[in-house]
Amino acid sequence: MHGILWGGVIAAGLASAGLPAGSAQADDVEALVASIKAATVRFEDVNAALAEGYVPDPSGECVSAAAHGLPAELGGMGIHYLRPDLLGLTVTAPRVDGTGTHTDFMNPAILLYEPQADGSLVLVGVENLVFRKAWEAAGHGAPPTLAGRRWDYMVDDPDTPAEEAHHFEPHYDQHVWFRDNPNGNLEPFNPSVTCNSWNA
(Lines give C-alpha, C1' and ligand atoms only; values in the text may rest on other atoms or scores of the structure.)
Protein backbone atom coordinates (compact mmCIF):
# COMPACT_ATOMS: atom_id res chain seq x y z
CA MET A 1 0.00 0.00 0.00
CA HIS A 2 1.22 3.42 -0.69
CA GLY A 3 0.14 7.00 -0.31
CA ILE A 4 -3.18 7.86 1.26
CA LEU A 5 -5.13 4.65 1.47
CA TRP A 6 -8.66 3.72 2.14
CA GLY A 7 -7.96 0.43 0.54
CA GLY A 8 -5.61 -2.35 0.75
CA VAL A 9 -8.32 -3.54 3.01
CA ILE A 10 -7.36 -7.10 2.90
CA ALA A 11 -10.53 -8.72 2.01
CA ALA A 12 -11.05 -12.32 2.72
CA GLY A 13 -13.14 -15.31 2.24
CA LEU A 14 -15.70 -17.24 4.05
CA ALA A 15 -15.92 -20.92 3.51
CA SER A 16 -15.32 -23.84 5.71
CA ALA A 17 -11.75 -23.28 6.82
CA GLY A 18 -10.45 -26.49 8.26
CA LEU A 19 -13.88 -28.08 8.33
CA PRO A 20 -14.45 -31.50 6.80
CA ALA A 21 -16.73 -31.48 3.77
CA GLY A 22 -20.23 -32.54 4.67
CA SER A 23 -19.91 -31.64 8.35
CA ALA A 24 -22.80 -29.75 9.90
CA GLN A 25 -20.65 -26.66 10.47
CA ALA A 26 -19.29 -26.74 6.92
CA ASP A 27 -22.83 -27.07 5.60
CA ASP A 28 -23.92 -24.11 7.74
CA VAL A 29 -21.08 -21.96 6.39
CA GLU A 30 -21.89 -23.00 2.83
CA ALA A 31 -25.53 -21.98 3.36
CA LEU A 32 -24.41 -18.66 4.89
CA VAL A 33 -22.15 -17.90 1.94
CA ALA A 34 -24.98 -18.72 -0.46
CA SER A 35 -27.36 -16.38 1.36
CA ILE A 36 -24.84 -13.52 1.35
CA LYS A 37 -24.13 -14.08 -2.34
CA ALA A 38 -27.87 -13.96 -3.09
CA ALA A 39 -28.28 -10.75 -1.09
CA THR A 40 -25.45 -9.03 -3.00
CA VAL A 41 -25.99 -10.47 -6.49
CA ARG A 42 -26.85 -7.03 -7.89
CA PHE A 43 -23.24 -5.99 -7.33
CA GLU A 44 -22.08 -8.41 -10.01
CA ASP A 45 -22.56 -5.28 -12.10
CA VAL A 46 -19.99 -2.85 -10.71
CA ASN A 47 -22.16 0.04 -11.92
CA ALA A 48 -24.80 -1.02 -9.38
CA ALA A 49 -22.14 -0.78 -6.68
CA LEU A 50 -21.13 2.69 -7.79
CA ALA A 51 -24.78 3.78 -7.82
CA GLU A 52 -25.15 2.68 -4.18
CA GLY A 53 -22.13 4.64 -2.95
CA TYR A 54 -19.25 2.19 -3.25
CA VAL A 55 -15.98 3.70 -4.47
CA PRO A 56 -12.84 2.01 -5.80
CA ASP A 57 -10.00 1.78 -3.31
CA PRO A 58 -8.12 5.04 -3.96
CA SER A 59 -4.80 3.20 -3.72
CA GLY A 60 -5.62 1.65 -7.08
CA GLU A 61 -4.27 -1.65 -5.84
CA CYS A 62 -5.32 -5.16 -6.74
CA VAL A 63 -4.30 -6.95 -3.53
CA SER A 64 -2.24 -10.12 -3.72
CA ALA A 65 -0.35 -11.97 -1.02
CA ALA A 66 2.90 -11.82 -2.99
CA ALA A 67 2.75 -8.02 -3.20
CA HIS A 68 2.66 -7.91 0.60
CA GLY A 69 5.63 -10.19 1.15
CA LEU A 70 3.51 -13.24 1.87
CA PRO A 71 3.72 -16.62 0.12
CA ALA A 72 2.36 -16.25 -3.41
CA GLU A 73 0.43 -19.50 -3.07
CA LEU A 74 -1.97 -17.78 -0.65
CA GLY A 75 -3.45 -16.04 -3.71
CA GLY A 76 -5.19 -12.70 -3.89
CA MET A 77 -8.03 -10.54 -2.68
CA GLY A 78 -8.63 -8.51 -5.80
CA ILE A 79 -9.76 -4.90 -6.02
CA HIS A 80 -11.70 -3.44 -3.11
CA TYR A 81 -14.75 -1.25 -3.56
CA LEU A 82 -15.64 0.55 -0.32
CA ARG A 83 -18.66 2.22 1.26
CA PRO A 84 -17.07 5.07 3.27
CA ASP A 85 -20.31 5.63 5.22
CA LEU A 86 -20.54 2.00 6.38
CA LEU A 87 -16.86 2.03 7.34
CA GLY A 88 -17.40 5.33 9.17
CA LEU A 89 -14.21 6.75 7.71
CA THR A 90 -13.04 9.92 9.42
CA VAL A 91 -9.44 10.33 8.23
CA THR A 92 -7.27 8.75 5.54
CA ALA A 93 -3.83 10.00 6.62
CA PRO A 94 -1.43 9.24 8.13
CA ARG A 95 -3.48 6.09 8.83
CA VAL A 96 -7.04 5.30 7.83
CA ASP A 97 -9.34 5.58 10.83
CA GLY A 98 -13.04 5.64 11.47
CA THR A 99 -16.00 4.91 13.67
CA GLY A 100 -17.19 1.87 11.75
CA THR A 101 -18.74 -1.05 13.63
CA HIS A 102 -20.79 -2.38 10.70
CA THR A 103 -21.04 -6.19 10.64
CA ASP A 104 -23.98 -6.92 8.32
CA PHE A 105 -22.74 -9.15 5.51
CA MET A 106 -26.07 -8.93 3.71
CA ASN A 107 -25.15 -5.26 3.24
CA PRO A 108 -21.33 -5.37 3.28
CA ALA A 109 -19.01 -2.41 3.60
CA ILE A 110 -16.55 -3.80 1.05
CA LEU A 111 -16.95 -5.62 -2.26
CA LEU A 112 -14.13 -7.70 -3.77
CA TYR A 113 -13.63 -7.85 -7.52
CA GLU A 114 -11.20 -9.81 -9.69
CA PRO A 115 -10.03 -7.97 -12.82
CA GLN A 116 -10.48 -9.80 -16.12
CA ALA A 117 -8.39 -9.70 -19.31
CA ASP A 118 -11.16 -7.78 -21.13
CA GLY A 119 -11.14 -5.04 -18.48
CA SER A 120 -14.30 -6.18 -16.74
CA LEU A 121 -14.61 -7.01 -13.03
CA VAL A 122 -16.03 -10.17 -11.49
CA LEU A 123 -17.48 -10.08 -7.97
CA VAL A 124 -15.67 -12.79 -5.99
CA GLY A 125 -16.48 -11.91 -2.39
CA VAL A 126 -17.33 -9.33 0.25
CA GLU A 127 -15.78 -8.05 3.46
CA ASN A 128 -16.57 -6.09 6.59
CA LEU A 129 -14.10 -4.13 8.72
CA VAL A 130 -14.51 -2.55 12.15
CA PHE A 131 -12.01 -0.31 13.91
CA ARG A 132 -10.94 -1.77 17.24
CA LYS A 133 -11.24 1.49 19.18
CA ALA A 134 -14.77 2.12 17.89
CA TRP A 135 -15.74 -1.51 18.42
CA GLU A 136 -14.63 -1.43 22.06
CA ALA A 137 -16.21 2.01 22.61
CA ALA A 138 -19.51 0.49 21.49
CA GLY A 139 -19.30 -1.88 24.45
CA HIS A 140 -17.90 -5.00 22.83
CA GLY A 141 -15.51 -6.94 25.03
CA ALA A 142 -14.48 -9.45 22.39
CA PRO A 143 -13.74 -9.36 18.65
CA PRO A 144 -16.62 -9.92 16.22
CA THR A 145 -17.19 -13.44 14.94
CA LEU A 146 -18.83 -14.98 11.90
CA ALA A 147 -19.94 -18.61 11.73
CA GLY A 148 -17.95 -19.25 14.89
CA ARG A 149 -14.77 -17.74 13.42
CA ARG A 150 -13.12 -14.78 15.12
CA TRP A 151 -12.42 -11.97 12.66
CA ASP A 152 -8.79 -11.34 11.70
CA TYR A 153 -7.04 -8.71 13.82
CA MET A 154 -4.67 -6.34 12.05
CA VAL A 155 -2.28 -3.93 13.76
CA ASP A 156 1.03 -2.59 12.51
CA ASP A 157 4.25 -3.55 14.26
CA PRO A 158 6.53 -0.48 14.14
CA ASP A 159 9.57 -2.72 14.71
CA THR A 160 9.22 -4.44 11.34
CA PRO A 161 9.61 -3.01 7.81
CA ALA A 162 6.27 -4.52 6.77
CA GLU A 163 2.99 -2.61 7.03
CA GLU A 164 0.90 -5.25 8.75
CA ALA A 165 -2.26 -3.14 9.05
CA HIS A 166 -2.14 -1.76 5.48
CA HIS A 167 -2.03 1.85 6.69
CA PHE A 168 -5.17 1.37 8.80
CA GLU A 169 -5.56 1.94 12.51
CA PRO A 170 -5.94 -1.34 14.43
CA HIS A 171 -9.00 -3.16 13.19
CA TYR A 172 -10.79 -6.46 12.74
CA ASP A 173 -11.84 -7.67 9.31
CA GLN A 174 -13.59 -10.67 7.85
CA HIS A 175 -13.91 -11.84 4.27
CA VAL A 176 -16.57 -14.00 2.66
CA TRP A 177 -15.55 -15.63 -0.61
CA PHE A 178 -18.09 -16.48 -3.28
CA ARG A 179 -15.42 -18.15 -5.40
CA ASP A 180 -14.43 -21.44 -3.80
CA ASN A 181 -11.36 -21.07 -1.62
CA PRO A 182 -9.40 -24.29 -1.07
CA ASN A 183 -8.11 -22.87 2.23
CA GLY A 184 -11.59 -21.99 3.47
CA ASN A 185 -14.08 -19.35 2.38
CA LEU A 186 -13.51 -17.30 5.53
CA GLU A 187 -9.75 -16.94 5.09
CA PRO A 188 -8.16 -13.59 4.12
CA PHE A 189 -6.60 -14.62 0.79
CA ASN A 190 -7.99 -16.86 -1.93
CA PRO A 191 -5.66 -18.90 -4.21
CA SER A 192 -8.45 -18.92 -6.81
CA VAL A 193 -8.35 -15.10 -7.10
CA THR A 194 -5.57 -13.41 -9.06
CA CYS A 195 -4.45 -9.96 -10.14
CA ASN A 196 -2.83 -11.26 -13.31
CA SER A 197 -5.10 -9.20 -15.55
CA TRP A 198 -4.87 -5.97 -13.56
CA ASN A 199 -3.44 -2.91 -15.25
CA ALA A 200 -3.48 -0.06 -12.76
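A residue counts as buried when its relative accessible area is under 20%, as exposed when it is over 50%, and as partly exposed in between. With that in hand, let's look at this protein, which is a predicted model. Of its 200 residues, 48% count as buried.

**The overall build**

If you trace the chain, you'll find four helices and 11 strands.

**Charged pairs**

Side chains of opposite charge can pair when their charged atoms come close. This structure holds five salt bridges. Here are three of them, with the distance between N and O atoms:

| Salt bridge | N to O distance |
|---|---|
| Arg 42 and Glu 52 | 2.7 Å |
| Arg 83 and Asp 85 | 2.7 Å |
| Arg 149 and Glu 187 | 3.5 Å |

Start with the salt bridge between Arg 42 and Glu 52. This pair links distant parts of the chain, 10 residues apart: Arg 42 is in the loop between H1 and helix H2 (46-51), while Glu 52 is in the loop between H2 and strand E1 (55-56). Are these two residues buried or partly exposed? Arg 42 has a relative accessible area of 36%, so it is partly exposed. Glu 52 comes out at 34%, so it is partly exposed as well.

Leaving aside neighbours within four places in sequence, Glu 52 is in contact with Arg 42, Phe 43 and Arg 83. Look at that last one: Glu 52 and Arg 83 are 31 residues apart in sequence, and their C-alpha atoms are 8.5 Å apart in space.

Arg 83 has its own salt bridge, with Asp 85. Is Arg 83 buried or exposed? Its relative accessible area is 12%, so Arg 83 is buried.

Now for the salt bridge between Glu 187 and Arg 149. Glu 187 lies in the segment after strand E11 (171-177) and Arg 149 in strand E9 (residues 149-150), so the pair ties together parts that are 38 residues apart in sequence. At 23% relative accessibility, Glu 187 counts as partly exposed, whereas Arg 149, at 15%, counts as buried.

**A patch of negative charge**

Which residues gather in a patch of negative charge on the surface? They are Asp 27, Asp 28, Glu 30 and Asp 180. One of them, Asp 27, lies in helix H1 (residues 24-39). Its relative accessible area is 38%, so Asp 27 is partly exposed.

**Two spots in the loops**

Leu 70 sits in the loop between strand E2 (62-64) and strand E3 (76-82). With a relative accessible area of 38%, Leu 70 is partly exposed. What does Leu 70 touch, not counting residues up to four places away in sequence? Its partners are Ala 65 and Phe 189.

Asp 157 is another loop residue, found between strand E10 (152-154) and E11. Its relative accessible area is 32%, which makes Asp 157 partly exposed. If you again skip neighbours within four places in sequence, Asp 157 is in contact with Ala 162 and Glu 164.

Most residues other than glycine have a negative phi, and most peptide bonds are trans. Two places in this model go the other way.

Where is the cis peptide bond? It joins Ala 93 and Pro 94, with omega at about 0°. Pro 94 lies in the loop between strand E4 (89-91) and strand E5 (97-98).

The other place is Ala 147, a residue other than glycine whose phi is positive, near 55°. Ala 147 is found in the loop between strand E8 (145-146) and E9. Its relative accessible area is 31%, so Ala 147 counts as partly exposed.

Methods. Residues are numbered from 1 along each chain as its sequence is written. This is a predicted model: local features need pLDDT of at least 70, side-chain atom pairs count only at pLDDT 80 or more; totals for chains, interfaces and linings use all residues. Side-chain values use heavy atoms; hydrogens and water are left out. Buried means under 20% relative accessible area, exposed over 50%, partly exposed in between (1.4 Å probe, protein chains only). Patches are made of residues with over 30% relative accessible area and no salt bridge: like charges are joined within 9 Å, nonpolar side chains (Val, Leu, Ile, Met, Phe, Trp, Tyr) within 5 Å. Accessible areas come from the Shrake-Rupley method with a 1.4 Å probe; for residues, only the protein chains shown count as cover. A salt bridge is a side-chain nitrogen of Lys or Arg within 4 Å of a carboxyl oxygen of Asp or Glu. Lys and Arg count as positive and Asp and Glu as negative; His and the chain ends are not counted. The place of a charge is taken as NZ of Lys, CZ of Arg, CG of Asp or CD of Glu. Contact means heavy atoms within 4.5 Å.
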